[in-house]
Amino acid sequence: MGELGTLLDAVTATFVFFQLDGKTAVRADASASVMLPCQWCEERVERELLVHCEALLAESEAQASEWAVESDELPVIAVVGKTFDAAALIEDELILAVPGRVCADSACPRRPSTSYGEVVPDTPGPLAGLRQLLDAKQHEK
Ligand SMILES: [Zn+2]
């Protein structure tokens, strides 16, 4: 079993709130530096992940459902209470941004020469620590 990728302490995120057709929306830009194990040799490679996403912020689950029907452009997040879950918004996006292949094929000295096609091992949760880190960052403010 391979070692987990390590999230360096380098997550930065900016959130811009704006109005869209009378609805509150948020635009998020985030970047994170992660150490990911190479799919071939398991040597760690630093990669920067960049994500950008937008979402509507509804004030209740009911409103979120309503808006979800009206808006097919942006995802809708229900903001329960006064806080909005910034980590939840970008967590999925960052996970999607993790490349399936870390090493460039020709760059990895230990790539098996007889392999054909894509062999991507099942790397467990390289961003397992992301939520805690983001939550901590939020509380710093
Ligand atoms: Zn490699």
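Guide: β2 and β3 form a hairpin with two residues between them, and Asp 21 in the turn has a positive phi of about 50 degrees. Helices (H or I, at least four residues) and strands (E, at least two) here are DSSP runs, numbered from the N terminus. This is a predicted model: local features need pLDDT of at least 70, side-chain atom pairs count only at pLDDT 80 or more, and totals for chains, interfaces and linings use all residues. Residues are numbered from 1 along each chain as its sequence is written.

Visitor: Is Asp 21 buried or exposed?

Guide: Asp 21 counts as exposed because it has 9 C-beta neighbours inside 10 Å. The cut-offs: a residue is buried if 20 or more other C-beta atoms lie within 10 Å of its own, exposed if 12 or fewer, and partly exposed in between, with C-beta atoms placed from the backbone. Asp 21 is not a glycine, despite that positive phi.

Visitor: How many bridges are there between β2 and β3?

Guide: Nine, in the antiparallel sense. Strands count as paired if DSSP finds at least two bridges between them. Val 16, for instance, has Arg 27 in β3 as its bridge partner.

Visitor: And how many residues of β2 are buried?

Guide: Zero of its nine residues, so to speak a strand that is hardly covered; β2 is residues 12-20.

Visitor: OK, over to β3. Why does Val 26 count as buried?

Guide: Because Val 26 has 20 C-beta neighbours inside 10 Å. Val 26 lies in strand β3, and its contacts, leaving aside neighbours within four places in sequence, are Phe 15, Val 16, Phe 17, Glu 54, Ala 55 and Leu 57. Contact here means C-beta atoms, placed from the backbone, within 7 Å.

Visitor: Which way do β3 and β4 run, parallel or antiparallel?

Guide: Antiparallel, with 13 bridges joining β3 to β4 (residues 44-58). In that pairing, Ser 33 stands opposite Glu 48 in β4. The hairpin of β3 and β4 has six residues between the strands, and Glu 42 takes a positive phi near 65 degrees there.

Visitor: And β4 with β5? How many bridges?

Guide: Three, and those two strands run parallel; β5 is residues 76-78. Leu 56 stands opposite Val 76 in β5.

Visitor: Zoom out for me. What order do the elements come in?

Guide: From the N terminus, β-β-β-β-α-β-α-α. That makes three helices and five strands.

Visitor: Which residues make up the largest nonpolar core?

Guide: Twelve residues: Val 11, Ala 30, Ala 32, Val 34, Leu 36, Leu 49, Ala 87, Leu 89, Ile 90, Leu 94, Val 102 and Cys 103. The elements giving two or more residues to this core are β3 (23-37) and α2 (86-97). A nonpolar core means a set of buried Ala, Val, Leu, Ile, Met, Phe, Trp, Tyr and Cys residues joined through C-beta atoms within 7 Å. Leu 49 touches Ala 32, Val 34 and Leu 94, among others.

Visitor: Which residues of α2 are buried?

Guide: Ala 87, Leu 89, Ile 90 and Leu 94. Seen down the axis of α2, the buried residues fall within an arc of 155 degrees (taken from the directions from the helix axis to the C-beta atoms), so they line one face of the helix. The face turned away from that buried side carries the exposed residues Ala 88 and Leu 96.

Visitor: Last one: which element has the lowest mean pLDDT?

Guide: Strand β1 (residues 6-7), at 54, while helix α1 (residues 61-70) has the highest, 90. pLDDT is the predictor's confidence in each residue, from 0 to 100. Over residues 1-5 the pLDDT is below 50. Where pLDDT is low, the predicted coordinates should not be read in detail. The chain averages 75, and 69% of the residues score at least 70.

Technical notes. Two residues are in contact if their C-beta atoms, placed from the backbone, lie within 7 Å.
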